[in-house]
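Work through the exercises below with the structure open. Each task is followed by its solution in steps.

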Amino acid sequence: MAKKKTPQYQDRKYNYPKGFTKYGKSKTGFMTAAQGAKAFVTNNFDQIKKGTIPFDSLTQREKRVYRGKNNPTFENLYRYGDKSYYDPTRSLRKILDNNPELKGKRDLTNFLKPEDFKNLFDQRLNPTKYADGTNSSFYDFKKGDKKQFYRDESGTLLDIVTKLNKIKRSGRNIRVIDTDGKIYTGTQAIDTMRQYESEQLQKAIQAAKEGQQIQLQIVYLSTDYNPFTNTVTYNLNNVQVNNLKDTP
Amino acid sequence: MRKKTNAATYYKNPSLQESIIRYYKEKQLNFVVKHSNYNTQIIGSEATLKFIQTEHPIRVFVAYNKIVKDLKESPKTVEILQGEWSTDNFDSRNGLKPAFYKKILNLDISSAYPYCLWINKLITQDTFNYLMAMPKTERLPAIGMIAKKSVWITYTAGKADSWELKEGFYANIFFYVIQQITDLMAWAAEIAGDSFLFYWVDGIFLKPSIPKKKLDEITRIFSEQGYYFKYEKVENCNIVRDGDKLLINMIKNGQEKPYQMYDKNLARNFTKVLQQLENA
C-alpha cells in the first residue's frame, strides 16, 4: 500500500505592491515568500492584533513573523544606524505610537539626531549607564513579582552567571575566589557566584517595600583571563553592589 | 534743511569699505554706516559713499513703489501687519531616508509671490501686470524690498556710539506672503503622504510613484487657491543626510541644483518624545 503523503506546507502568493521599487527599478510579479509574509504582517499588524484578520487564517510563516513582532522584546527593540537598542522601560513604544507620524516606527535613524537618540537611551530610558554583560548582573523587577534581569541596549540579558554557563560550555574554565578566599572551579564556581548574587538580592528584597521596583546591579570589578589556561577568574572580594533605587 | 553732500557709488568691496571706515575713525569724524541686504553706505558730512551688491534697473524700484502704494490703500494691509507670520519656507518628510532617485516629480507654483499678493487683494491688477511683465530676477527683489532691513551705526568723533535697526514698514506683508505659500506646500505635502520628499519655497518634490489620485488632488487645490503651476523635469536626485542636515543634489531642467536644509523633523520629534516622557 502506498505511503500516505503528508500535505506539503504552502506559502501564500504575494504580489509586489503597486509602485514597489528595488534598486530604483519597479518590480512586478511575486515577492519571495519570506519578504511577502513580512510585508503582509507589517501592513496588517493592527488588524491581526484586533482580530479583524483572524490569527488562524495566517500561514505558518506569517504566524511566525507576527509572533516575533508581537513579542514585548521585539516591540521594545529599536534600531539606530547599524545598532539595536532595548528600551527596558517600555515607555518609548507608547510615546511613539501616540504620534501618527512615528506610530509603529522601530528604526529611528532618520527621525532623531544621533546625540538626541543617545541622550534618550542613556539618560532618560536606560536606568543603567555602565552595566556591561561581561562583568555584571542587573536585577530589575518589582518586589512580589518573579525576579527578572535587565536587558542592555542590544537586547541581551545582563546576567553574568547565565553567561558564564554558556562560556563554560564553549570550553573556557571558570574560577571564582569566594569571600572567604576559597577557590572554586567549574560548576561549583558558577554555583558560588549565583549563591553570592542570591544573598545580595535577598538583602535588597528585604529592604524594599511591597511592589517597589528593585534595581540591583552587581559589578565584578576584578575579572582576570589567563589565555594559557583559558581560564577566567572572578573575585567576589572585589565586587560593587549598587542598589540603583537608592542612588540619587 | 539737510545739507546736500557729494555721492559716489561703487560695487561692494568689503576691504575698501573697511579702509574708509578705519580712516574716518582715525580722523575722528562724525559719520553713519548703513548696512542692508542691497548695499552699504558710509554717510559723512561731506560725502556719501554707496557700495552696492547688484545694480537693479529703475523698473525694480518703480515696481516696489507701486506695491507700497497699493499696500497703503489695501483694506487687508492693517490686519496682516498686526499678525505674526513665519518665514520658514522649507520642510522635508519626517524620517526622509538618504536615497537616489533616477527621476522625481517637481511641481512649481508659477510666480508664487505676485499671485499671492494679487489673490489676497494686496496689489491692484495694474501692479500685478507690471510685476508679471518683469523678468523673474527683477520681480523677486522688487517684492523682497518690502521686507528691507538695515542697521545704522552712528560714529561720533570716530567712535561708534549708537546703532539702530530699521525695518520696512510693510515687512510683515512679505512674511505673510511667505507663510501663505508655505502653508500651501505643507497642505500638498500632507496629501502626498509617503510620496512626499521635500518642499522648498514654492516647489514641492514628490516620488514619481505618487498615486494619480493624490497628484490630482494637489493640483486641484493649487488651482482652487488661484495659483498656476508647472511640472519641472528633475533627474538624478541624490539625498544625503549629514547629522541634522539634508544635502540634496539634482539635475533640474538640465542644470545641476543643490539644496541644503535642516531636517526640522528631528528636533520636533525629540521635543514630542520629551514632552510625553515628562507627562508620563
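**Exercise 1. Decide whether B:Tyr23 is buried, partly exposed or exposed, and do likewise for B:Tyr24.**

Step 1. B:Tyr23 has 45% relative accessibility, so this residue counts as partly exposed. Buried means under 20% relative accessible area, exposed over 50%, and partly exposed in between (1.4 Å probe, protein chains only).

Step 2. B:Tyr24 has a relative accessible area of 12% and is buried.

The model is predicted: local features need pLDDT of at least 70, side-chain atom pairs count only at pLDDT 80 or more, and totals for chains, interfaces and linings use all residues. Residues are numbered from 1 along each chain as its sequence is written, chains are lettered from A and ligands numbered from 1 in the order in which they are written, and side-chain values use heavy atoms, with hydrogens and water left out.

**Exercise 2. Describe the aromatic pair of B:Phe198 and B:Tyr259.**

Step 1. The ring centres of B:Phe198 and B:Tyr259 are 5.5 Å apart and the planes are at 65°, an edge-to-face pair. Rings of Phe, Tyr and Trp (its six-membered ring) pair if their centres lie within 6.5 Å; planes under 30 degrees apart count as stacked, over 60 as edge-to-face and the rest as tilted.

Step 2. B:Phe198 lies in strand 9 (residues 196–200) of chain B and B:Tyr259 in strand 13 of chain B, so the pair ties together parts that are 61 residues apart in sequence. Strands (E, at least two residues) and helices (H or I, at least four) are DSSP runs, numbered from the N terminus.

Step 3. B:Phe198 is buried at 0% relative accessibility, and B:Tyr259 is buried at 7%.

Step 4. Ring pairs join B:Phe198 and B:Tyr259 with B:Phe90, B:Trp200 and B:Phe205 in a cluster.

**Exercise 3. Which residues lie nearest the centre of the second largest pocket, and how many line it?**

Step 1. The lining has 31 residues, and B:Tyr113, B:Lys136, B:Leu140, B:Val201 and B:Asp202 lie nearest the centre. On a 1 Å grid over the protein atoms alone, a pocket is an open set of points where a 1.4 Å probe fits, with protein on both sides within 12 Å along at least five of seven lines; lining residues have an atom within 4 Å of a point.

Step 2. Helix 6 of chain B gives the most to this lining, with five residues; this helix spans 136–144.
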